[in-house]
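Subject: Structure for your review

Dear colleague,

A summary of the findings follows it.

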Amino acid sequence: MYRQGWKWGDKSIDLLNFLPPLAQMWTEVRTILPSTMDDFIIEFSEKIEPSVLKVLELARDQLYSRPDCPSSAETAQIIIDYSWENLNTGTWRDVDKEWRRMYSYGCLFKVLSLCNGDPSQAKVKEAIKTCDMGLLMGAAIMDNILQRLVCILKNTMKLKSTKVEKSEEPCSKKMKWECVSEPVINPARAVPRIQCPSLERFRSDFLDPQKPTIIEGIINHWPAFTEHPWSIDYLRSVAGCRTVPIEVGSKYTDEEWSQKLITVNEFIDGYILGTEEKGVGYLAQHQLFDQIPELKEDIRIPDYCCLGEGEEDDITINAWFGPGGTVSPLHQDPQQNFLAQVVGRKYIRLYSPEVTENLYPHDSQLLHNTSQVEVENPDLVKFPEFPKASYEECVLQPGDVLFIPVQHWHYVRSLELSFSVSFWWS
Amino acid sequence: MNWFGFGFNGFGQIIAADVKCKVSTPVLLSDARGSDCRVSGSWSSRAAVIHTDSGSRVCVSGFLRGSSGQVCVPESEGCTDASISERHVTVSFTRRVECWEIQQAQNRLVWSREQESSGQDVALPLVPGGYVVPRPPFFRPLCAKLCAVSLALGTEHAVLLTASGTVFTWGSGSHGQLGHGHLTSQEEAQVVEALWGVQIAAVSAGGWHSASVSAGGDLYMWGWNESGQLGLPSQSVEEEKLRARRPGDALVLADVHKGSNDLCVDLAVNQAEEKNKDDVFISIQAFPALVDIPQVSEIIRVACGSRHTAAVTGDLYTWGWGSYGQLGHDTERSTDEPALVKYFHSHDMRVRDVVCGLWNTYVSAVPEEPSSHKHTHTE
């Protein structure tokens, strides 16, 4: 863990070893903060109003004026509320990064106010949630301090939970009974499978001609299959208290569709184990591995990505985790995609961009990359040309990696509890 | 006439030199007096046009030049109207309008325009020929055919009222704040067709919501309802209510829900938490909706903050986001149902006008005439 210099006398360093775990948490937190107020540099562009900058400086001054008492929660909340309003102004793409940084500072000071003294488990949970809000909606500040804070808080949670968590029964017993139809793949339309092709072979046979294929045998060495097999229990232990964005509603083209921010534990309890009747929930298209570096260690970027022109840092890695029955409507993406299947199976149908005219994309700018047709239940009165479109299909199994060429239309339905990892590259 | 303020006070814009960040019941603004006094608010400051025997000028309270204070703007001597934003104050005079940058050591004139003194008394941001915003290009022309009589500027949209009582909107539509039934943004002014045929008398615009009052005293609102600012059921307000419930209370009259015309009182925590599966929460209302304030017959004026709304009926009603006390109900709770601000009623005051800063509310009120004191509702 990265530590900045904190001037202790020798005596104090010894004392650290004898402090009870909870006071030690605050001490650990202070060590990752700049040692003095002068070292806590606040820099923003002129776009940020001097008034809110003043509030931020006040929060910093409060933190250093009384070492045992952090900035007030109220000051932090003002920064959070004001920057939140600016994050919701204009389109997300256009939001100035400065406002996202300001939001992260607000979260930082709120976390510090929660960590003061001997915080209850509820407060530590709220502090973790606040870090996550900053990580999800803010932009990195102070060498990604929120990420480092989350580590400390998580360790504290582990120490705090004295009671042993009831071990979950085998997942299959508690899973929601899924009304999931098992598709039969027509061999004439099956996506071809290939075992461990060489880079050259993949480029010449699939990448250049833009042909979908399922690559077998290239992810079995992932720690996600070996050292830390991904399971509900494992995900709870690594990420249970972390807040993630969940899509609620059967598909994103529905009017009822919405997003909510809940912890991984709440998602598993509410939408995977079905303890409450909440409908379909899907942890979809989320850069979970940036948020939870521990999980990133369990996966590897496929070697074939080096055949692209982009940098490795530009590859977008998304997590797709949900129960059986999640649907991604037929759509196309602007980059090449490797879809790696880790847990469970998915039914996937692929249409070439050449048949786009039979797929009835939406008119609106927002959804022009999405088809209007419900692939497994098409309205042939509204969309009569749809059956003319030729396609390939497959059931993706754990260990498979599906290559989806850029702009290739794809429809995905999970057949059971599923965890996929997608790599968008160019 | 007196002006009162409540809500965010982090920079002393309501009560100067007060450490309290939140003022949740109305407080008299000591400097804002007189019948012509106009008040305008930004996030961190408040401006009042004060008329005295020696003339008129703008006084600013709140964040100014790096710290909180209260100061008059000497360059505003003789002004007729003023409007304040985070960095600027826009001042109109009889024959000109100016925009001054007031956060530096010296006030700096960043823009000005000579104008014909119009027969009509239009309020900022309207000026003859167009309107003024506190950033370049400061002046934006408006088509003369529109015959604009009132203009309200929200965070990223505009609501305009014409002489014939028609409402136009333009700007960002992402939260339904344009009232056209979709979420597309519009660069050009477009009629709010759903209000066609209703004569509108006043308009207002908040962060992401809009309001208009008809000549007959009806209130129509549209836009974002995430904190109940449209007076429609809000999921976050409901969740806040559930969190605030104290478990174990056998009889909790904490929340009063309105059924069709009856009041349904939640009798027990258990009952209340069994959420009605038919609960419909409205996040975005893209068409104007009629807002009913029970037992109120006529709404006279309306004002919108970033996420709250205030309406004048002779009394004052507020609803929406309340975390900074901007609803004036002596609480920091938000509400999605219009609620009376008891202060004015219990002090026998008649509310005349209301203006909102982003997170606060400013109200002008006069002592009630004893003979015309109306009991328009029950306490």
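Does A:Cys196 count as buried, partly exposed or exposed, and what is its relative accessibility? In this predicted model, A:Cys196 counts as partly exposed, at 45% relative accessibility. The closest cysteine sulfur to that of A:Cys196 belongs to A:Cys306 and lies 14 Å away, too far for a bond.

A search of the whole structure finds one disulfide over all chains. The partners are B:Cys59 and B:Cys72, with their sulfur atoms 2.3 Å apart. The link is right-handed, with 50 degrees about the S-S bond. Because B:Cys59 lies in strand β5 (residues 55–64) of chain B and B:Cys72 in strand β6 (residues 67–73) of chain B, the pair ties together parts that are 13 residues apart in sequence. B:Cys59 is buried, at a relative accessible area of 9%, whereas B:Cys72 is partly exposed at 36%.

Turning to the interface, chain A contributes 19 residues and chain B 22 residues to the contact. About 1,700 Å² is buried between chain A and chain B, and carbon and sulfur atoms give 63% of that area. One salt bridge is counted between the two chains; it joins the side chains of A:Glu85 and B:Arg307 at 3.2 Å, N to O. Ten residue pairs are in polar contact across the interface. On the side of chain A that touches chain B, α3 (50–65) and α4 (73–87) are the elements that give two or more residues. The largest share, seven residues, comes from α4(A). By class, this side of chain A has seven nonpolar, five polar and seven charged residues.

Yours sincerely

Note on methods
Residues are numbered from 1 along each chain as its sequence is written. Chains are lettered from A and ligands numbered from 1 in the order in which they are written. This is a predicted model: local features need pLDDT of at least 70, side-chain atom pairs count only at pLDDT 80 or more; totals for chains, interfaces and linings use all residues. Side-chain values use heavy atoms; hydrogens and water are left out. Contact means heavy atoms within 4.5 Å. Buried area is the accessible area (1.4 Å probe) that two parts lose on being put together, summed over both. A salt bridge is a side-chain nitrogen of Lys or Arg within 4 Å of a carboxyl oxygen of Asp or Glu. A polar contact is a pair of N or O atoms within 3.5 Å; within protein, one must be able to donate a hydrogen and the other to accept it, and residues adjacent in sequence count only if both atoms are side-chain atoms. Helices (H or I, at least four residues) and strands (E, at least two) are DSSP runs, numbered from the N terminus. Ala, Val, Leu, Ile, Met, Phe, Trp, Tyr, Cys and Pro count as nonpolar, Asp, Glu, Lys and Arg as charged, and the others, Gly among them, as polar. A disulfide is a pair of cysteine sulfur atoms within 2.5 Å. Buried means under 20% relative accessible area, exposed over 50%, partly exposed in between (1.4 Å probe, protein chains only).
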